[in-house]
Amino acid sequence: MDKGLLTVISNEPVADRVFRIRLQGDLVKLMDSPGQFLHVKCGPGIDPLLRRPISICDVDLETATLDMIYRAEGSGTRILSESVPGAEIDILGPLGHGFPVGHRKEGEHALLIGGGVGVPPLLYLAKRLVKQGVKVTSVIGFGTTEQVFLVEELGQLGEVYVTTIDGSRGHKGLVTDLLNEQYGLGNASWDVLYSCGPFPMLKALQDRYADSDKEGYLSLEQRMGCGVGACLACVCPASEESAKSYQKICSDGPVFEMRKVVLS
Amino acid sequence: MTSSRLAVNLAGIEMKNPVMPASGCFGFGREYSRFYDLNRLGAIAVKATTVEERLGNPTPRVAETPGGMLNAIGLQNPGVEKVVAEELTWLEQFDTPIIVNIAGTTTEDYVEVADRISKVKNVAALELNISCPNVKCGGITFGTDPVIAGELTKEIKKVSDVPVFVKLSPNVTDVVSIAKAVEEAGADGLSMINTLLGMRIDLRTRKPILANQVGGLSGPAIKPVAIRMIWQVSQQVNIPIIGMGGVHSAEDVIEYFLAGATAVAVGTANFVDPYACPTIIDELEGWLDKMGVQSITELIGAGWKS
């Protein structure tokens with residue numbers, strides 16, 4: 001983890017209000033763990049003041065380039081979406097603990113479940129898992145077909161199921177609709193689940209597998225201050241002692257073992 | 001690296017430079033020790049400590065504002081015994097003064113923490129957070145009434161073995177009267193200012209963004225308020241002031257000195273740039289040259305001294 005300036009290589013829309021930015025610089029060499037995030041200063045000066053946490057979508061360690069996919073939603077990300085190639089972006093990272101993959105064994109089957117702008121970190125994860133000989137199936141959900149991205153790239157790494165809420169692409173409904181035998185995604189068919197997406201989706205997954213012994217990891221999101229664990233802005237209750245203590249999403253997470261956090 | 005030109009004496013505490021991270025914006029230092037050697041800091045003000053563990057407020061706890069941020073963390077901390085055993089012990093490796101911020105909801109709470117913490121060998125001073133609601137006085141904050149603030153200060157001074165700085169709230173009609181009251185009660189110095197109460201509302205949900213509804217505004221947006229209050233107070237008291245509120249650069253430090261501060265604390269800037277404190281320290285000496293002064297102490301209150 002450190003702070004540095006990365007150069008914009010490209011910054012193009014990939015879906016409705018969603019951009020993919022490619023950055024290059026020495027700092028990228030530290031980014032070898034899928035599921036970590038970067039704390040991005042979207043523009044110079046004091047407005048917007050704070051950094052924005054954005055997940056790492058893909059990394060090429062050889063060329064020292066990384067990709068992030070983000071939605072231009074608020075003031076910071078809108079400014080970021082206007083960055084042109086050659087510009088320099090102030091990056092702090094990589095931060096947090098990513099998806100644990102070191103203990104995966106060849107021949108295992110991993111289920112990658114993503115929703116909206118929670119999908120991007122699953123790409124780097126899928127690449128890593130496939131390299132380790134793990135079979136990957138992605139189930140990714142969006143609002144409408146205009147919002148869909150990364151289907152082809154994830155498709156090169158394993159089977160991909162797409163859901164949209166309005167049914168304009170793929171299955172009409174939610175990602176959880178597909179997690180059954182009909183789609184070959186019943187509990188017995190996979191070994192581990194990795195997920196990143198909106199809170200209700202993560203909560204639905206946690207509830208669904210609460211009574212099972214399935215292994216799973218959820219990547220959480222929250223408004224952040226420092227991004228390094230000092231300010232205690234982005235916390236969530238830890239499950240072990242129920243409401244007795246908090247986990248810091250930025251530094252203890254953002255990825256947590258499925259049953260270690262309380263999503264309420 | 002450091003030069004005596006930046007050294008200040010803060011109520012008897014020798015600081016190699018006048019820059020410290022502000023309480024609540026630096027944890028207990030561990031996170032930032034991964035970026036640089038904490039010995040570079042003039043002092044370290046660590047997170048507010050209470051008698052018992054505090055879990056803090058529900059999330060969201062922060063919301064951004066133009067040039068600033070609102071926070072309602074809720075004094076999350078592990079409680080005084082754990083702070084002493086784990087955090088202050090860890091900080092023993094650094095040769096820089098440690099200032100511990102203390103908080104509570106009754107005078108007894110404050111006294112208990114002050115008594116315990118001020119006896120720890122590497123604690124150089126206490127910073128009294130008087131912006132907490134006093135449960136025995138119907139929830140009025142200790143810091144908004146000169147009499148209550150003075151009485152609390154007096155009780156803390158009775159038990160403290162180290163200098164006591166009182167951190168003043170800007171959410172008052174007359175900050176000078178509070179400053180004078182705590183000086184008279186024996187305060188060794190003042191920290192100015194704590195955050196300004198504020199709120200943001202989400203247009204989509206039509207509800208406040210912060211789960212706590214209201215929060216404390218910090219960052220560059222509040223600097224002019226702090227400068228004004230320090231300007232007013234420093235001319236009316238004879239105790240040193242740690243200036244804080246939106247310090248992001250060496251220029252800001254100079255401005256605080258001109259207003260009457262003897263040291264500064266860097267808060268929100270740490271979140272924007274983890275290297276904020278050492279960067280500011282590095283740039284300070286150049287500013288002394290520009291200002292044509294040998295020692296930074298020459299600038300204390302230079303804005304109003306004739």
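1. Which residues of helix α2 (residues 80-91) of chain B are buried? In this predicted model, the buried residues of that helix are B:Val80, B:Val83, B:Glu87, B:Leu88 and B:Leu91. Viewed down the axis of α2(B), the buried residues fall within an arc of 90°, and they therefore line one face of the helix. On the other side of α2(B), B:Ala85 and B:Thr89 are exposed. The partners against which the buried residues of α2(B) pack are β4, β7 (98-102), α3 (107-117) and β8 (123-129), which belong to chain B.

2. Helix α7 (residues 250-259) of chain B is largely enclosed by the rest of the structure, because eight of its 10 residues are buried. The buried residues of α7(B) are B:Ala250, B:Asp252, B:Val253, B:Ile254, B:Glu255, B:Tyr256, B:Phe257 and B:Ala259, and they pack against β3 (19-21), α6 (223-234), β13 (241-244), β14 (263-266) and α9 (276-291) of chain B. The helix is followed by B:Gly260, whose phi is positive, near 130°.

3. The largest nonpolar core contains 187 residues, and within it B:Leu126 and B:Val264 touch the most other members. Leaving aside residues up to four places away in sequence, B:Val264 touches B:Pro18, B:Val19, B:Ile242, B:Gly243, B:Met244, B:Val247, B:Val253 and B:Tyr256. Among these contacts of B:Val264 are B:Val253 and B:Tyr256, both of which are also listed with the buried residues of α7(B).

4. Where the two chains meet, 23 residues of chain A are in contact with 28 residues of chain B. The chain A side of this contact divides into 16 nonpolar, three polar and four charged residues.

5. A:Cys226 may be looked at together with the contact between the chains. This residue is found in the loop between β13 (215-219) and β14 (235-237) of chain A, and it counts as buried because it has 29 C-beta neighbours inside 10 Å, where 20 or more are required. Not counting residues up to four places away in sequence, A:Cys226 touches A:Cys231, B:Asn270 and B:Phe271.

6. Two peptide bonds deserve a look in the backbone geometry, since most peptide bonds are trans. A cis peptide bond joins A:Gly93 and A:Pro94, with omega about -5°, and A:Pro94 is found in strand β7 (residues 88-95) of chain A. In chain B, a cis peptide bond joins B:Thr59 and B:Pro60, with omega about 0°; B:Pro60 has its place in the loop between β4 (44-49) and β5 (62-65) of that chain.

7. B:Ala11 counts as partly exposed because it has 19 C-beta neighbours inside 10 Å, whereas a buried residue needs 20 or more. B:Gln213 has a positive phi of about 70° although it is not a glycine, and it lies in the loop between β11 (196-198) and β12 (215-218) of chain B. With 13 other C-beta atoms within 10 Å, B:Gln213 is partly exposed, as the limit for an exposed residue is 12 or fewer.

Notes
Residues are numbered from 1 along each chain as its sequence is written. Chains are lettered from A and ligands numbered from 1 in the order in which they are written. This is a predicted model: local features need pLDDT of at least 70, side-chain atom pairs count only at pLDDT 80 or more; totals for chains, interfaces and linings use all residues. A nonpolar core is a set of buried Ala, Val, Leu, Ile, Met, Phe, Trp, Tyr and Cys residues joined through C-beta atoms within 7 Å. Two residues are in contact if their C-beta atoms, placed from the backbone, lie within 7 Å. Ala, Val, Leu, Ile, Met, Phe, Trp, Tyr, Cys and Pro count as nonpolar, Asp, Glu, Lys and Arg as charged, and the others, Gly among them, as polar. Helices (H or I, at least four residues) and strands (E, at least two) are DSSP runs, numbered from the N terminus. The arc is that of the directions from the helix axis to the C-beta atoms.
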